[in-house]
Amino acid sequence: MNAPRCPHQHRWQTVVRRTRQRVLQQPRVTTSGRVVRATGMVIEVVGLRVAVGSACCIELPSSDGLSRDSHHVAEAEVVGFAGDKLFLMPLEEISGLMPGARVTPFGNGSGQSARRFPIGDELLGRVVDGSGKPLDDRESIDEAPQVTLSKPPLNPMARAPIDTQIDVGIRAINALLSVGRGQRMGLFAGSGVGKSVLLGMMARYTEADVIVVGLIGERGREVKDFIDHILGPEGRRRAVVVAAPADTSPLQRLQGAAYATRLAEGFRDQGRNVLLIMDSLTRYAMAQREIALAIGEPPATKGYPPSVFAKLPGLVERAGNAERGGGSITAFYTVLTEGDDQQDPIADSARAILDGHIVLSRTLAEAGHYPAIDIEASISRAMTAITDDVQQRQARAFKQMFSRYQRNRDLISVGAYTPGHDPRLDEAVNQFPALERFLQQGINECAPLDASRAALEALIGSRL
């Protein structure tokens, strides 16, 4: 027989259920710390235990004197720790910071201390900052999918090989420095030699489903100029621009580069072919140097701490091909060579981790030669895998003829050259104007892949 039911059981169950609901509705207990020191860009906090890379909120006094106004908080990120002290760096310049200011983990104790960023098709045609906030005064993108910046790296054994040449619309690159889908190229140049114009031409003419442009650490004026005049309406329709100019915090610049790469990864995961343009890798390295030096990391190579050289491959290796049958990220990274010094530590490190480099010459730029590509100093490491033997021989013959003229240029200029003594030099002298015209191209001129190869064939083919 069943035991008799207690007459008060239903009432007690109701009381327990209501009590449980009231408990769940109470605000969760959140841990917090307080500011004990602020030196330069670094804010020291005690009383908080969160991981490096986590986001935090620093409460600031409001205009009416209240200390806990949800509309007056500054976002910061944990960049290091020493003992029980955390080192935070704000994403934006803050004012009104006081000793003892309350610091809480991002997410109000919900366990999600990593910030999330919008990605997806909703961002096509948009301009956003390094935090994913729109800069173009258009509709909100709050409905876009949100993800964290971190993503597990691809297994290098699972990546598809670089075996397909893509058309970048630049004759010299298509014919002599062929770029493959999924390749990562460096554009090495000093200031004012036309690297932004060259990037804009590739953004407009390259065969890609989506273009992601990261303008990191450049002048604020260049952001609008690149979008309106260099990228143009046609390129902007299939592009996402992430802008973190030079006047933003170094953390914002680091975040902008990581966010642009994460956007490209999101489109690649959808099976699309993405063109990623990062201008510039050097400003990214300088931002990491500012952060590392601020938290006490010792400088190593020409003022750059070791963490800078660890960050660069971590960013670059995220680009490239996905698994076979998947999407791809073809990336162009600009590298500033200060004083046109090709042995700059960042330039030297980037050259080692990239799949090739295109060097822009100031001498050519000053002579009105655009694009100012130094064809002798440039190389594409994937060219032998994506082009046939005929094109490789033609490209090699072109470079040999061009180099032969350049080595004897001084003799030719002073009149010490006499025809008839060296038939190969005679040929180089006769063909140099045609070689130079081949390397030059107008900003509004597109040189398709087939036309570039046909021009190389017409110039070199009969001389092999």
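Select Cys57. Its sulfur lies 7.5 Å from the closest cysteine sulfur, the one in Cys56, which is too far for a bond. The model on your screen is predicted. A disulfide needs two cysteine sulfur atoms within 2.5 Å. With 15% relative accessibility, Cys57 counts as buried.

Cys56 has a relative accessibility of 1%, so it counts as buried.

**Zoom out: the whole chain**

You will find 14 helices and 17 strands. The C-alpha atoms fill a box of roughly 115 × 60 × 40 Å along the principal axes. The chain has 464 residues, and 50% of them count as buried.

Now think about contacts between residues at least 6 apart in sequence. Of these, 72% join residues at least 24 apart.

**The barrel**

Next, colour β1 to β6. Six strands form a closed barrel here, in the order β1-β2-β5-β4-β3-β6, with antiparallel pairing. On average, neighbouring strands of this sheet are turned by 45° against each other, direction ignored.

Look at one pair. Strand β1 covers residues 33–39 and strand β2 covers residues 42–46. They run antiparallel and are joined by five bridges. Pick Val35, then find its bridge partner in β2: Val45.

**A covered strand**

Select residues 184–189. This is strand β10, and six of its six residues are buried. In a regular strand, side chains alternate between the two faces of the sheet. Which residues of β10 sit on each side? Arg184, Gly186 and Phe188 are on one side; Met185, Leu187 and Ala189 are on the other. Both faces are covered, and all of these residues are buried.

Strands of a sheet pair through backbone hydrogen bonds, either parallel or antiparallel. Strand β15, residues 328–336, runs parallel to β10 and is joined to it by six bridges. Ala189 has Leu336 as its bridge partner in β15. Strand β16, residues 356–359, also pairs with β10 in the parallel sense, over three bridges. There, Gly186 has His357 as its bridge partner.

**A buried arginine**

Go to Arg126, in the loop between β7 (117–118) and β8 (127–129). Is Arg126 buried or exposed? Its relative accessibility is 1%, so Arg126 counts as buried. Show the side chain. It reaches the backbone oxygen of Glu139 at 2.8 Å.

Now display what is around it. Neighbours within four places in sequence aside, Arg126 is in contact with Pro134, Asp136, Arg138, Glu139, Ile141, Ala239, Val240 and Val241.

Select Asp137, in the loop between β8 and β9. Most residues other than glycine have a negative phi, and most peptide bonds are trans. For Asp137, phi is near 55°, a positive value. Asp137 counts as exposed, because its relative accessibility is 79%.

**Two cis peptide bonds**

Move to Asp279 and Ser280. A cis peptide bond joins them, with omega about 15°. Ser280 is in the loop between β13 (273–279) and α6 (281–294).

Then select Tyr370 and Pro371. The peptide bond between them is cis too, and omega is near -10°. Pro371 is in the loop between α9 (362–366) and β17 (379–380).

**Last stop: Asp163**

Finish at Asp163, in the loop between β9 (146–147) and α2 (171–176). Asp163 is partly exposed, as its relative accessible area is 44%. Its side chain makes a polar contact with the side chain of Thr164, at 3.1 Å.

Which residues does Asp163 touch beyond its neighbours within four places in sequence? Asp163 is in contact with Ala385 and Ile386.

Methods. Residues numbered from 1 in each chain as written. Predicted model: local features only at pLDDT ≥ 70, side-chain atom pairs only at ≥ 80, totals over all residues. Heavy atoms only, no water. Helix = DSSP H or I, 4+ residues; strand = E, 2+ residues; numbered from the N terminus. Buried < 20%, exposed > 50% of the residue type's maximum accessible area, 1.4 Å probe, protein only. Contact = heavy atoms within 4.5 Å. Polar contact = N/O pair within 3.5 Å; in protein donor to acceptor, adjacent residues only side chain to side chain. Pairing = 2+ DSSP bridges. Axes fitted to C-alpha atoms, helices over the stretch in contact; angles between N-to-C directions.
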